[in-house]
Amino acid sequence: MLRVEGLCKAFADFQAVNGASLTVRPGDLVAVIGPNGAGKTTLFNLITGHLQADRGSIRFKGEEIGRLPAHEICRRGIARSFQIANIFPRLSVFENVQVAVLSAKGLSRNLFRPTRRLVLRETESILERVGLQNRRVDLAGSLSHGDKRILEIAIALGNEPELLILDEPTAGMSPEETAATLELIRRLARDQGLTLLFCEHDMEVVFNVATSIMVMQHGMTLVQGPPEEVRANPVVQEAYLGRE
């Protein structure tokens, strides 16, 4: 579904991504891990069109997307959440998701139809899937940190993605919120046939969820493979996980 090869991105004299490669197959749950500054978020920004690479290739379902703007990449089936919740705090939970659904259906610019009557069923369905149906009328800004992260996933689902990219989906969550979010991610992947690419610092989360792990260091790909192979890799142990 997604193949990244030889991707490079520099900011002045700092090489943030330096020849990174990544493969995501349909149905995979791929985790990208690495120390702070390894280039993980920059890699996600390049894949989703928020930055353009200096060199390298990004192919989604066989199409080169490396030079497309972010909104065109989204329309092709890639949705993304961010490290910091990216929501409309003064809109209701329902309206946040409704805006995403309207955009996915090309209705966001139609000023001659009453927006409140559009895509009601689709929006309600997404809220039910993520467990926010009882908070539908609440202002998004009033939600707890954990529920804001769940809302952001709901907004991403409103864009009808085939590939969902999550940047540290459990960051700042309590253990209970983390467990609930993990179960949600697993269920979404299973029930909707979603392919997931995510970045996460919590190694328990990574090894409990991922079907494939890519390890980054200094902007480069050290290795990608099944969790058990990555855990046993001596280079990974030395560079990131640490030896026992």
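Biologist: Which residue just after helix 6 takes a positive phi?

Modeller: That's G193, with a phi of about 65°. Helices here are DSSP runs of H or I with at least four residues, strands are runs of E with at least two, and both are numbered from the N terminus. Before we go on: this is a predicted model, so local features need pLDDT of at least 70, side-chain atom pairs count only at pLDDT 80 or more, and totals for chains, interfaces and linings use all residues. Residues are numbered from 1 along each chain as its sequence is written, and side-chain values use heavy atoms, with hydrogens and water left out.

Biologist: How many residues does helix 6 have, and what should they span?

Modeller: The expected span is 1.5 Å times one less than the number of residues. Helix 6 (residues 175-192) has 18 residues, which should span 26 Å; the end C-alpha atoms are 25 Å apart, which agrees.

Biologist: Which residues of helix 6 are buried?

Modeller: An α-helix has 3.6 residues a turn, so residues three or four places apart point the same way. Buried means under 20% relative accessible area, exposed over 50%, partly exposed in between (1.4 Å probe, protein chains only). In helix 6 the buried ones are T178, T181, L182, L184, I185, L188 and A189. They cover an arc of only 160° around the axis, so they sit on the same side of helix 6; the arc is taken from the directions from the helix axis to the C-beta atoms. On the other side, P175, E176, R190 and D191 are exposed.

Biologist: What covers the buried residues of helix 6?

Modeller: Contact means heavy atoms within 4.5 Å. The cover includes strand 3 (29-33), helix 5 (145-158) and strand 8 (195-199).

Biologist: What is the order of the strands in the open sheet?

Modeller: Strands of a sheet pair through backbone hydrogen bonds, either parallel or antiparallel. Two strands pair if DSSP finds at least two bridges between them. The open sheet has six strands in the order 6-7-8-3-9-10, with mixed pairing. Strand 6 (78-80) and strand 10 (220-225) are the edges, each pairing on one side only. Strand 3 and strand 9 (residues 212-217) run parallel, joined by four bridges, and V30 stands opposite S212.

Biologist: How many disulfides are there?

Modeller: A disulfide is a covalent bond between the sulfur atoms of two cysteines. The cut-off is a pair of cysteine sulfur atoms within 2.5 Å, and the count is zero. For C8, the nearest cysteine sulfur, that of C199, is 19 Å away. C8 is buried at 5% relative accessible area, whereas C74 is partly exposed at 23%.
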